[in-house]
Amino acid sequence: MSRRPLGCAFEIVETLVLTLVIFLVIQNFVAQPYRVQQQSMEHTLEPNQYVLVDKLTPRFDDYKRGDIVVFDPPSGWAQGEPGTPFIKRIIGLGGDTVEIKDSRVYVDGVALDEPYIFDGQPTQPGDQSRWVVPAGDLFVMGDHRENSADSRIFGPIPRSSVIGRAWLRYWPINTFGVLPTPTHPELAGASPAP
């Protein structure tokens, strides 16, 4: 009789350990939830919405211009709780020249069509208005340009600081949906990034 409760307890522990291992593998290598805490991506993403961050596909499908990414901010740029990642949109890839002039963003001399920016706000540069994005780096900006600490201030970010690509908004449930990535056909004739 004592074997049966012991066997049952072993099965419970085995199930809990297996569940924990599966959870850790998924969270560290496949996908993880992220709560939007900043206002820098309004109205695309609002504070306290939840997105699923894809960590797997960027390993074989590189980041693209227009992707929304979650990343560890450069040192000295943490806002709110320490260790809180940022969420921004990729504007420039390695090799791109990003320029802000006449309140618009240009990539390799071509003005971007940006219907996603907050209420059509003009884009203002920080202390600098032109950047050449180094190979292996990304130039990121928030969609709410007047309320975003981004590459205009701290410069391009290394790809190694990116946690993953935000691809699915799942909470609140009435906002559920895949986050679209603009294709920027206006850049079709521009020089491709290496």
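Arg145 sits in the loop that runs between strand 9 (137–141) and helix 2 (151–154). Keep in mind that this is a predicted model. Let's start with that arginine, then look at the core and the sheet.

**Arg145 and its surroundings**
- Is Arg145 buried or exposed? Its relative accessibility is 2%, so Arg145 counts as buried.
- A polar atom of the Arg145 side chain lies 2.7 Å from the backbone oxygen of Gly142.
- Beyond its neighbours within four places in sequence, Arg145 is in contact with residues including Ile91, Val105, Glu114, Tyr116 and Arg152.

- In soluble globular proteins, nonpolar side chains tend to be buried together.
- The largest nonpolar core here has 13 residues, and Ile91, Val98, Val105, Val107, Leu112, Phe139 and Met141 touch the most other members.
- At least two residues of this core come from each of strand 5 (97–101), strand 6 (104–107) and strand 9.
- Another core, of twelve residues, lies apart from this one, and Phe86, Leu138, Phe154 and Ile157 are among them.
- Val98 is in contact with Ile91, Val105, Val107 and Phe139, among others, leaving aside its neighbours within four places in sequence.

- Which strands make up the open sheet, and in what order? Four strands form it in the order 7-6-5-8, with antiparallel pairing.
- Strand 7 (110–111) and strand 8 (130–132) are at the edges with a single partner strand each, so one side of each has no neighbour in the sheet.
- Strand 5 and strand 6 run antiparallel and are joined by four bridges.
- Lys101 has Arg104, in strand 6, as its bridge partner.

Key: Residues numbered from 1 in each chain as written. Predicted model: local features only at pLDDT ≥ 70, side-chain atom pairs only at ≥ 80, totals over all residues. Heavy atoms only, no water. Buried < 20%, exposed > 50% of the residue type's maximum accessible area, 1.4 Å probe, protein only. Polar contact = N/O pair within 3.5 Å; in protein donor to acceptor, adjacent residues only side chain to side chain. Contact = heavy atoms within 4.5 Å. Core = buried A, V, L, I, M, F, W, Y, C linked by side-chain atoms within 4.5 Å. Pairing = 2+ DSSP bridges.
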